[in-house]
Amino acid sequence: MKSTVPNTLLVLFGFFLLFVNVSGVSAQQAATNKPAKPAVETRIGYLRAYEPQLALSVLDIPPRDEGVAGANVAINDNNTTGKFLGQSFALDVTETKFDADVVPVFKEMLARGDRFILTDISAKQLLSIADLAKDSGVLLFNVGATDDSLREEECRSNVFHTAPTRSMLADGLAQYLVWKQWRKWVLLYGSHDRDKLYADAIRRAASRFGATIVEERLYEDKGTARRTDTGVIQVQKQMPVFTQNLPEHDVVIVADESEVFGSYVPYRTWTPRPVAGTAGLVPSSWHPASEQWGGSQIQNRFDKATGRRMLSKDMQAWTAVRILGEAVTRSKGNDPKQVETFIKADDFSIAAFKGQKLSFRNWNWQLRQPILIGDGHGVVSTSPQEGFLHQFSELDTLGVDRPETKCKLN
């Protein structure tokens, strides 16, 4: 007699496969029909004033995407974490001209739904929208303007500053020069308003840290064409004459944010002395050669995304977007009030590849941060320098401290 056991096993095995397939299909359909968890989308506006600029050296002409590139890299960093939490981030860039009325374009950004906006505009332009932003429940992040007035007499409770102030930059430079025992300074400054504000910051730093400005000289901008009227031979003759007959000094400080003469000073002074300020040894919030404290990681990501090295404004924008990303992630929402509360908490800090966590000064919402001192090739030093102590944070030795502030937040 032929056995029926094999046939019985085949039938049972067939029922098993049918059951598994039906169950799998049902599970797949259930997963498809189940509504997906809604993503929290955070749109971040970027308002920048941009026009093509000249510089004394073509190597110093700002990249077209300066600042914006840093923000975009931070958007990608935020999304790397956000995709696991049902969060997404996007950047909306709006451009205007220098000294243009930014209120109309700002209102367009409001209509688009931007409630977090990075600004790379002048102090005057920023002040023209600060109160409108507050009334609209918008948080502003100043990533470009270094004016101390924005953190002092004209401070606003809804404006956070990731760009350092001129006084922070000057103090960072002054600490290094004093640490080197280069205490006798000559100050050369330009005739434009920005140059004079930088010169004011240098004077304040000298008084604060025990240096002496033995002489000041004004370089008047007469409006000549920078490329056709300033050949190497002419400059080689002009700068030694401009710096002739100075008192005994250790270093020449240049205040020329307008890029009229400063880059021509190094190696051309009458007396051989180091040059610092806006030329030579320059203080900044970041340096394209910085690789300490994990800086090589952000530099490599940035270079891969943009094809160039990271500049100060890129880092300032990156930091602002990362602050927002951290706030949205930790507070599990993107309501501006909720985000503002998180950022203003006493225990808030952000890591930014500078050797220590950064936090905001709650008297004017300026970001505490080290200042890098560097030349065209590398980082020479980082301030605050050793020995400059503070009862709360050594970072508060840079810029306007709480007892000195004129800010009255409302």
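Tutor: Cys155 and Cys407 are both buried, meaning under 20% relative accessible area, with exposed over 50% and partly exposed in between (1.4 Å probe, protein chains only). The model is predicted, so local features need pLDDT of at least 70 and side-chain atom pairs count only at pLDDT 80 or more, while totals for chains, interfaces and linings use all residues. Residues are numbered from 1 along each chain as its sequence is written, and side-chain values use heavy atoms, leaving out hydrogens and water.

The two cysteines form a disulfide with sulfur atoms 2.1 Å apart; the criterion is a pair of cysteine sulfur atoms within 2.5 Å. The structure holds 1 disulfide. The link of Cys155 and Cys407 is right-handed, with 95° about the S-S bond. Strands (E, at least two residues) and helices (H or I, at least four) are DSSP runs, numbered from the N terminus.

β12 belongs to an open antiparallel sheet of 3 strands, ordered β10-β11-β12; two strands pair if DSSP finds at least two bridges between them. β10 (282-284) and β12 (379-383) are the edge strands, each pairing on one side only. β10 and β11 (residues 371-374) pair over 3 bridges, and Val282 has Gly374 of β11 as its bridge partner.
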